[in-house]
Amino acid sequence: MNKKGFTLVELLAVVAIMGILAGIAVVGVGRYLKSSKQQAYDTIVKSAHTATTNYILNKGIQIPSSGWTIEFEELVSEKFLEDPIDPNKKDESCGGTVTVVKNNTEGAIDSYKYTVSIDCPSGHKETVDFNE
């Protein structure tokens, strides 16, 4: 008898192996997507911090002892910050504020604490402090 093709057991073994490999790949891709979205949020925070610093320097703003706050919207409208798109909702922007407070003691060189708070439509909220 001339044998052509594969037996049912061989085909089932191949399908099972492919299923296991696909399961491993899906878990890896899921982790990668979550990590990349967090990196996108981190980039928004760092960009807002940098944009605020540039805004203060370009506009010659003196930070009062009580602190000073700016909204993301103003940074975007003044072209210091690109529209911070929510990584989880591509068609919507994240909002937020940056608060700057003097962080120094009498007679020392001025240093500042920047507190960046983002609030995105996907529900992601984050507050990060930077000291300079």
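Analyst: Helices (H or I, at least four residues) and strands (E, at least two) are DSSP runs, numbered from the N terminus. The model is predicted: local features need pLDDT of at least 70, side-chain atom pairs count only at pLDDT 80 or more, and totals for chains, interfaces and linings use all residues. Residues are numbered from 1 along each chain as its sequence is written, and side-chain values use heavy atoms, with hydrogens and water left out.

User: What distance does helix H1 reach from its first C-alpha to its last?

Analyst: H1 covers residues 8-59, which is 52 residues. The expected span of a helix is 1.5 Å times one less than its number of residues. For H1 that expectation is 76 Å, and the model comes close to it, at 75 Å.

User: Which strands and which helix do the buried residues of H1 pack against?

Analyst: Buried means under 20% relative accessible area, exposed over 50%, partly exposed in between (1.4 Å probe, protein chains only). The buried residues of H1 include Tyr41, Ile44, His49 and Ile56. Contact means heavy atoms within 4.5 Å. The partners are strands S1 (68-71), S2 (85-86), S4 (95-102), S5 (112-119) and S6 (125-131), and helix H2 (72-77).

User: Which element gives the most to the lining of the largest pocket?

Analyst: A pocket is an open set of points on a 1 Å grid over the protein atoms alone, where a 1.4 Å probe fits, with protein on both sides within 12 Å along at least five of seven lines; lining residues have an atom within 4 Å of a point. The largest pocket holds about 190 Å³. Its lining has 13 residues, with Ile56, Leu57, Ile61, Ile63 and Tyr112 closest to the centre. Three lining residues come from the element that gives the most, H1.

User: Which two cysteines form the disulfide?

Analyst: A disulfide is a pair of cysteine sulfur atoms within 2.5 Å. The whole structure has one. The link is right-handed, with 105 degrees about the S-S bond. At 1.9 Å between sulfur atoms, the pair is cysteine 94 and cysteine 120.

User: Is glycine 96 buried or exposed?

Analyst: Glycine 96 is found in strand S4. Ile70, Glu71, Phe72, Ser117 and Ile118 touch glycine 96, not counting residues up to four places away in sequence. Its relative accessible area is 14%, so glycine 96 is buried.

Methods
Grid points are joined across faces, edges and corners, and a volume is the space filled by probe spheres set on the points.
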